[in-house]
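Colleague: I should like to learn how to read the helix packing of a model such as this one. May we work through it step by step?

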Amino acid sequence: MEIGSETAFTPWASLFGGVLIGLSAVMVMALFGRIAGIAGIAQGALGLPGAAKDRDWRWAFLVGLVLAPLAVMALGGTVAQTVPDNLPGMALAGLLVGTGTAIGSGCTSGHGVCGLARLSGRSLAAVATFMAAGFATVFVLRHILGGA
């Protein structure tokens, strides 16, 4: 079984991306008084039970996530993204992530970016949990199952 992923060291691009994520989180909080967690934004946009009723900005945020890489490509840039072609595995992963965000009352962006910035103990516990789960997953896939 070959499980591997080569990652490039891109400190400047990563720093720039982090600044943009932080800026968007500050803008969402300043403009709408909401946390910029994608799980909550999607829940509100879809009008799911328990979601806030302010759907317009949420749809704009989601559409922006789709249009931004298309705009980069239209301007001559490239967008490198790899997605496994294992559809059942991707569906299972999505189901697990969705379940985790429901149980954890938020996603990585909500807890990791916004919650930690607000010094939320609940977010610190959530981030520690999903970081530990991520470390364990990489360890199992690379060292126990024999991936690269």
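Colleague: Which residues in α5 meet which residues in α6?

Modeller: This is a predicted model, and the answer should be read as such. From α5, the residues are Thr-108, His-111, Gly-112, Gly-115 and Leu-116, and they meet Arg-122, Ser-123, Leu-124, Ala-126, Val-127 and Phe-130 in α6. By class, this contact of α5 with α6 comprises five nonpolar, five polar and one charged residues.

Colleague: How should the geometry of such a pair be described?

Modeller: For two packed helices, one gives the angle between the axes and the distance between them. Here the axes of helix α5 (residues 108-117) and helix α6 (residues 121-144) come within 9 Å, crossing at roughly 130 degrees. That angle makes α5 oblique to α6. The crossing of α5 and α6 is left-handed.

Colleague: At what angle do the axes of α2 and α3 cross, and within what distance do they come?

Modeller: Helix α2 (residues 38-46) and helix α3 (residues 56-74) have axes that cross at roughly 120 degrees and come within 8 Å. The two helices are therefore oblique to each other, and the crossing of α2 and α3 is left-handed. On the α2 side, the contact is made by Ile-38, Gly-40, Ile-41, Ala-42, Gly-44, Ala-45 and Leu-46; on the α3 side, by Trp-57, Arg-58, Trp-59, Phe-61, Leu-62 and Leu-65. These residues of the contact of α2 with α3 divide into ten nonpolar, two polar and one charged.

Colleague: How does one check the length of a helix, and what span should α1 have?

Modeller: One compares the expected span with the distance between the end C-alpha atoms. At 1.5 Å a residue, the 22 residues of helix α1 (residues 11-32) should span 32 Å, and the end C-alpha atoms are 31 Å apart, which agrees. After α1 comes Gly-33, which has a positive phi, near 70 degrees.

Colleague: Which residues does UniProt list as "transmembrane region"?

Modeller: The unreviewed UniProt entry lists residues 12-36, 57-80, 92-117 and 124-145 under that term. In the model, residues 12-36 are 84% helix and 0% strand, with end C-alpha atoms 23 Å apart. Residues 124-145 are 95% helix and 0% strand, and their end C-alpha atoms lie 30 Å apart.

Colleague: How many helices and strands does the chain have?

Modeller: The chain has six helices and zero strands, which gives the pattern α-α-α-α-α-α along the sequence. Along its principal axes, the C-alpha trace of the chain spans about 45 × 40 × 30 Å.

Notes. Residues numbered from 1 in each chain as written. Predicted model: local features only at pLDDT ≥ 70, side-chain atom pairs only at ≥ 80, totals over all residues. Heavy atoms only, no water. UniProt positions renumbered as here; feature names shortened; annotations may be inferred. Helix = DSSP H or I, 4+ residues; strand = E, 2+ residues; numbered from the N terminus. Expected span 1.5 Å × (residues − 1). Axes fitted to C-alpha atoms, helices over the stretch in contact; angles between N-to-C directions. Parallel < 35°, antiparallel > 145°, perpendicular 65-115°, else oblique. Left-handed = near helix turned anticlockwise from the far one by under 90°. Contact = heavy atoms within 4.5 Å. Nonpolar A, V, L, I, M, F, W, Y, C, P; charged D, E, K, R; others polar.
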